[in-house]
Amino acid sequence: MGKKLTSGPFFVPVSIDGSDDGAVEFLLIGFKNLADKSSTVDVSVHVCNDISLYPATPPEIEIFRKEVTIPAGHCAVLKLPAIETDDGKPTFTGNNMLRVAIEGDTNEEAKRIVAALSGGKDDGRTAVSMVFKHEDFIKLKD
């Protein structure tokens with residue numbers, strides 16, 4: 001499909017600010033198309049629910065996948081809630097390890113679609129440890 005980038009693994013904080021109601025409620029994945037034509041990326045989110053210490057090696061599970069097409073010069077934002085509303089099943093919780101992968105019309109040099117991540121709460125608080133800018137993504141080899 002094209003170039004592959006990943007955020008690398010990051011932990012979802014149990015609390016944003018130490019309060020009892022500080023759990024992360026969503027992951028935001030933002031895109032901006034810098035190209036002069038429509039561009040498409042395939043976005044996936046993966047979770048390690050069990051962060052047991054090594055030598056345990058729990059599997060990474062894909063919890064979200066979506067193809068996103070963005071017109072030239074436009075933006076898009078995906079919101080992945082910590083609790084899926086359809087069946088109430090959690091997608092991720094505090095202390096899980098997440099990784100976001102992007103494949104398609106993107107690259108490290110930021111000549112097409114660029115991406116950013118953020119996690120937070122509906123009241124506007126942001127989990128600083130879940131903020132990734134485009135330059136923080138890692139290029140994957142084919």
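Predicted model: local features only at pLDDT ≥ 70, side-chain atom pairs only at ≥ 80, totals over all residues.
**Entry 1**

I began with an open sheet of four strands, and I wrote down its order as β6-β3-β8-β9, with antiparallel pairing. I then looked up which strands stand at the edges, and found β6 (75-81) and β9 (126-132) there; each has a single partner strand, so one side of each is left without a neighbour in the sheet. Neighbouring strands of this sheet are turned by 20° against each other on average, if direction is ignored. For one pair I noted the details: strand β3, which covers residues 26-33, pairs with β6 in the antiparallel sense over seven bridges, and I found that Gly30 has Val77 in β6 as its bridge partner.

**Entry 1: Ile29**

I stayed in strand β3 and picked out Ile29.

**Entry 2: Thr6**

Next I turned to Thr6, which lies in strand β1 (residues 3-6) and counts as buried at 5% relative accessibility. I found that its side chain is joined to that of Arg99 by a polar contact of 3.1 Å. Apart from neighbours within four places in sequence, Thr6 is in contact with several residues, among them Val100, Ala101, Phe137 and Ile138.

**Entry 3: salt bridges**

How many salt bridges does the structure hold? I recorded seven, and I reminded myself that side chains of opposite charge can pair when their charged atoms come close. In one of them Lys79 and Asp122 meet at 3.2 Å, N to O. Lys79 lies in strand β6 and Asp122 in the loop between β8 (113-120) and β9, so this pair ties together parts that are 43 residues apart in sequence. I noted Lys79 as partly exposed, at 49%, and Asp122 as exposed, at 58% relative accessibility. Another salt bridge joins the side chains of Arg125 and Asp123 at 2.8 Å, N to O. Finally, I noted that salt bridges with shared partners join Asp42, Glu62 and Arg65 into one network.

Key. Residues numbered from 1 in each chain as written. Heavy atoms only, no water. Pairing = 2+ DSSP bridges. Helix = DSSP H or I, 4+ residues; strand = E, 2+ residues; numbered from the N terminus. Axes fitted to C-alpha atoms, helices over the stretch in contact; angles between N-to-C directions. Buried < 20%, exposed > 50% of the residue type's maximum accessible area, 1.4 Å probe, protein only. Polar contact = N/O pair within 3.5 Å; in protein donor to acceptor, adjacent residues only side chain to side chain. Contact = heavy atoms within 4.5 Å. Salt bridge = Lys/Arg side-chain N within 4 Å of Asp/Glu carboxyl O.
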